[in-house]
Structure formats: C-alpha cells, structure tokens
Amino acid sequence: MSGYQFESLAVTRPREHVMQVEMNRPEKRNAMNRAFWREMVECFQAISAEPDVRVVVVSGAGKIFTAGLDLGDMMGSLLVEGADTARKAIKMTPTIRQFQETFSVIEKCPKPVIAAVHSACVGGGVDLITACDIRLCTQDAWFQIKEVDIGLAADVGTLQRLPKVIGNDSLARELAFTSRRFEAEEAKQMGLVSRIYPDREAVLEAALDLATTIASKSPIAVQGTKISMVYSRDHSVQEGLEHVALWNSTMLQSEDVVEAVQAGMQKRKPEFSKL
C-alpha cells in the first residue's frame, strides 16, 4: 500500500476506515528486529495523521503472534563501548527510550488499536499488546513475560501497563518475577484479553468486525473517548473530569453530535465525515 512499505510490517486496509498492521517476519516467528523497532514508530505516526483511518488491528503473520526480541539482530544495539559505566549508561538511556516509543506510539495514537493474538505472545509481544486498547486471542494463545530469563527487567512497557490493565498488582509481579507462561483462559480471567476464539482466522475476523463497528461511530467521539481514558488512567478522578470537561467544551460543538441525533430520530445510519 502506497506510503506504508515496510520491511517488518505488512499494512493493509481490509475494511472501510480500518487498517491492519501485521508483523510480517513469519520465517523468524515475527521476532522484533531493528527494522521493527523503527518501523512501528513510523507506521503509527503515519496512521495517527491519516484522516480516513478510524481503527487499527494488530496481528502476526504465520504460526505465532511474536517470539519477542530478536536477540541475534539486536545484540549490537544493546552493547555500548567504553570503560566508564556512567558514560556507557548515559549513551544507553536514549536507546532504551527509543525502544519504549515503539509501543508508546500505539497508546499515543488517537485511533483505537485492537490486538488479535494467536499462539505465542512472548516478551516484547506482551509490551505491545498492553499498549493496545482491546486484546482478543485464540484458544491456543499463550503469554510470557520473558525478560528475567535473559537477565534484564522488562523496560518497554509491560511493568508499567500490565498491573493497570489487569488490576492485580500481585499477579503482575508474580508473572514478571517468574517468567511463568500463562494460557488464554487465565489471560481472560485476569482481564488481559476480553474474548477467546477458536483459531487465527476466527480471531482476525472478530477483530475486524469489532473494528468495523467502532469505525461506524463518530471518530470525534471515539478518539475523544480513548484520549480521555488514557489520561484518566494516570490521573485522579477529578483531574480526569477536568480534562474531559475541557475536551468536550470544544468537541461538543462538532457536526457529529447533530448528525448522530438526527440519524437516531430519522432511524437511519449516521454518516460521519473523515477528520
């Protein structure tokens, strides 16, 4: 698709107003190489500015969702030359922050992002899906916060987002400290995923159907809802109320409000213009 040509990602428009971003290294189990960490930022920044896209579905090509970090490809990026530890740390910090942006860009994207997980979702895969708005998976899906097994603390989002996603700090710590693998049913029970489907084809179809439903709503209302919910997660209730009051003092003047009310009165499907 023009403007969305990537080495590690395949980007398509399977439904009206819906974009699908698929990790596309099936021969490497969609392991996250250098290109992936850069291209995710480029891709989602472009999607954020795309006026005709309202919802995004993230998926993985091939047999699994993702094996996580491509250690073979990335090792050079994780090593810093020099004898002084402090100086090496100062050089490493911007690199870690760049990696963090690879998934934070999903959260910053004002369009809702749905993760459609099948089979394995390991390491960086958990960082990725916890930055998404909605997570669906297959019945054979399994998840693992793998970082402690390779000698590091997860540093690109899981430790910050997972406790808030599942609302169980004790369980989040257990999973992060032990690297214990957990299956689809447990993921649903803890609130990491909202629904389970038989196979990859079914979860993708369900994700696209859900995306289509969301895309039929006012993009002003949907994006305002996401922005408000992300803000409120990290602020007090009162701060969240103040934030949405300021937001809606402008957005309630949108033509979408009039169109939605008129469509309801006329018993027809509303039509909203692109942003």
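Guide: Let us begin with the term itself: a salt bridge is a side-chain nitrogen of Lys or Arg within 4 Å of a carboxyl oxygen of Asp or Glu. By this rule the count comes to 20 salt bridges. Please keep in mind that this is a predicted model, where local features need pLDDT of at least 70 and side-chain atom pairs count only at pLDDT 80 or more, while totals for chains, interfaces and linings use all residues. Residues are numbered from 1 along each chain as its sequence is written, and side-chain values use heavy atoms, with hydrogens and water left out.

Helices (H or I, at least four residues) and strands (E, at least two) are DSSP runs, numbered from the N terminus. Arg13 is partly exposed, with a relative accessible area of 36%; buried means under 20%, exposed over 50%, and partly exposed in between (1.4 Å probe, protein chains only).

Strand β1 also holds Arg15. Its salt-bridge partner is Glu205, and the closest N and O atoms are 3.1 Å apart. Because Glu205 sits in helix α8 (residues 200–215), this pair links parts that are 190 residues apart in sequence. Arg15 is partly exposed at 23%, and Glu205 is partly exposed at 42%.

Another pair is Glu186 and Arg180, at 2.9 Å, N to O. Here Glu186 counts as partly exposed at 24%, and Arg180 is partly exposed at 28%. Salt bridges can also share partners: Glu107, Arg161, Lys164, Arg233 and Asp234 are joined in this way into one network.

Now for the surroundings. The largest nonpolar core has 50 residues, and Phe44, Ile47, Ile106, Leu128, Phe143 and Leu192 have the most contacts inside it. Helix α1 (residues 34–48) gives the largest share of this core, six residues. Such a core is a set of buried Ala, Val, Leu, Ile, Met, Phe, Trp, Tyr and Cys residues joined through side-chain atoms within 4.5 Å. A second, separate core of 16 residues includes Val18, Tyr197, Ala215 and Val222.
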